[in-house]
Amino acid sequence: MSRRKDRWVSSFSFLLFCASSIPMWGSARLLQELSPQEYFRSLQAGKASLAYFNRNVSPGPQPFLEQIEDSAEALQDYGISVVKVNCPDKDVSRYCAKENALRKAYLFRGNLLIREFPTDALFDVNSIIANVLFALLFNEVKYVETLADLQNVENTLKGRSNMVFAYVPATGTAEHRAVMEAAFVYGTVHQFVLTTEATLLKDAGNDEPDVSSARLLFCHCQRATDLAQPCRRTAMEQALTKLNIHRHLKLMEAPLVTEVAEDPEKVSTVHLQLGLPLVFILSQKETYEADRRTAEFVAWQLLGKAGVALLSRDLVDLNVLLRSNIALKTPDEGAAIKYLVLEDADEIITLVEDKNKVKQIQEDEEEEEEDEDEKENNNQDVQDDQVVEAVSRDKKRELRLDQVLALTEETFDSALLETSRTVVLFYASWEAVSLAVLRSYIEVADRLKGVEGVLLSRVNCWDWPGVCTKENVTQFPTVKIYEKRERSVTYDGMWGTEELSSFITLSRVSCPLKLATIDEAEGYLRGDFPSELSSYRHASLLGVFSTATSEARKAFEEAGNILSGHVTMGVYFEDDALALSHKYEVSPPALLLARSGGRSVESITVSKQSAQDMVQMIRYELLDIFPEITVQNLPRYLQLGKPFLILFSDGDIDQVEGEEMLKLAKGTPQQVFVACWLNLKKTPVGHGVLKTYFATTPLLPVLVWVNLHAGGQIFKFPSEQPITETNVLSWLEKLKAGLEIPSSTLSEEDWKPPLPAYDFLQMMETAMPELPLLHTSHPHGDMPPRHLPKSPGGDTTAQEELSQENKAEKVGSPGRDLRGTAPRLAAREKQGKKHSKL
């Protein structure tokens, strides 16, 4: 286990190597100099070290020492120390006695000798690092000399894991080093195989006649189901460097075909992040199976050169899709997506390989659209998605990420145990909503700075999906509050700074708060809260229970756990609870609700005794009697499923009208509708609501009846009548009798989100069950989704995916035809505006 741990710790350094090859001048001397006794006492179990035994009288060690010292820094990043052992003149020990022993370097793991290296085999930094890592990974990186050996390894991996096959002309070279460094990091995910036999490279199917340079092939054995067939192989076309190998492996691990159901402008995959184009094949329900086969065929042809995505026309409403059947998104910043009409898959491949082909195809279409685009280009610079637009607009505004502790797979559990309450934001660093919420979250951290017992932290699920999967986080962003791992509460409110701060503040107080005496219970109803809530205005809800109502009390406490962070609840169940219940004329089990600092207390009898029923009842009772509707609280009132009687006002409502409406709300039996008001100055969106209800905005104030849940008819209270309880009740009776004509009727359009939410973590790649996730140990990785979302035809299992891939390979030409993808009738229609201008 210690070797694997050391390896994953070093993966961060590997990424840093990939990011830059600039040497660090002036670094501290990393080559240790010890005596034999000091060296052998310093050896630690499982820790690797490379030692060179030296005597001052020995001739010519200086060039070797310079090389081994230069390699010390790189080896240290892999957990391997480099030591120069100075032998005393009269030392007769094993490693200092003989002169030929001083011409070798020794690799130890703990006090166990792993390998002896002649110093002439370690001729430079590359050879030192390559040979040392090769020796340490001897049991994990298989060396093969014959085609039979390679086939045996391949057969054992089929259906289980993929293989990285590398040919290097000689060991100890820069290419050999690059392969070993990649194996050190990725060896637990893929099987690495190495050879120096040029004939074996030819036998393995390499088409390049020149075998004087190193080669690397990615063998897709995990997808292979037929043992008689060889694994598909994808050659890396670039030179064998650390960065190129890392890039190639990320491309091979990406999904073969990504199914998307959103605006292509918003789609980001690993291909785009690595500077490669992304090809969209535009599909529809009727041709889905054929389009899927086409996408798979194209994806295999372009593997390592471009990504391929299947985009359903039925799920994305873009006018431009009516004509085109292919879209091309390039990684160039600010470049518009190009929508094209192609005939077969060969044209797609040419499209990717020949950039001039795109200009050729689009040239005529752009000329036809130029005049029309100029006329409609005045107000088209606002992006479709307002959240994306806001994030893009503020992208130069620096986020103070140091305000919030970043957690990783290694630090997550320990961080939860160190603080009484740990707030964790689970987010995705590439996703617009996550970035918008991250800004609010940092503002919350600034507000709560110095609050004892609360730690604000964050987990980037794109870097650490293992943590998010373990915590059952399936959508971004998600906020959870943990109490030393004993329990957790998930936030489900609005994402503003005020709402988040309130939730975290309320979560610091026990819910329900146990009160020991009648005085404490009375004080709680008056608004005497713990100091943490001194600045928080809210209603007080007190549960009163006797010893005979323990079941209801238990349900109340469970409801408190569910509502923690959202409401304040107290519970009193001492022997003298009856005295409290007598005062407020209610029998246990009961709830006492105090609004506005305890000036009035409402008594509520508890009839249902399940936790969920208790939660629903509490949420309902906490709603205001005559609320001011805002964007934040509207969902809570919509969930009641009742008609709305809304008083629209341009500012605060008139005191007399407010009192009349409050009497109306209190006097209505069984709360058959929601009486409320909306301040257009505080909630400007109300202007748009009124324009939807009426052709023009009426004079304010205006009282409106609307039943969103049945018919959507809009009725306007007569403007010539004063708003009084009597007049409104009389008007409502006329509505009930059908004597009033509606001012307008809303459409029956469903108000659901336009697209279903993605379970991103479910879509991510998982490694073999017995091995850890590759990208859970890559703090700077950005692995793409692997499991494809549901297709229009239903769920697709892994076996079905494999069978479809095999069919795509065998079908050949039918999978290359794009005619079913581009409807001919639509092709005759006038092309819509480009999406970048919509």
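Modeller: Let's start with α21 and α23, which cross in a right-handed way (near helix turned clockwise from the far one by less than a right angle; anticlockwise is left-handed). Bear in mind that this is a predicted model, where local features need pLDDT of at least 70 and side-chain atom pairs 80 or more, while totals for chains, interfaces and linings use all residues. Numbering runs from 1 along each chain as its sequence is written, and side-chain values use heavy atoms, without hydrogens or water.

Helix α21 covers residues 550–563 and helix α23 residues 611–621 (helices are DSSP runs of H or I, at least four residues, numbered from the N terminus). Their axes come within 8 Å and cross at roughly 65 degrees (lines fitted to C-alpha atoms over the stretch in contact, with angles from 0 to 180 degrees between N-to-C directions). On the α21 side, A552, A555, F556, E558, A559, I562 and L563 make the contact (heavy atoms within 4.5 Å); α23 brings A611, Q612, M614, V615, I618 and R619.

From α6, V125, N126, I129, A130, L133 and F134 meet A174, H176, R177, M180, E181 and F184 of α8.

E181 also forms a salt bridge with K242, closest N and O atoms 3.8 Å apart (Lys or Arg side-chain nitrogen within 4 Å of an Asp or Glu carboxyl oxygen).

Key. Helix = DSSP H or I, 4+ residues; strand = E, 2+ residues; numbered from the N terminus.
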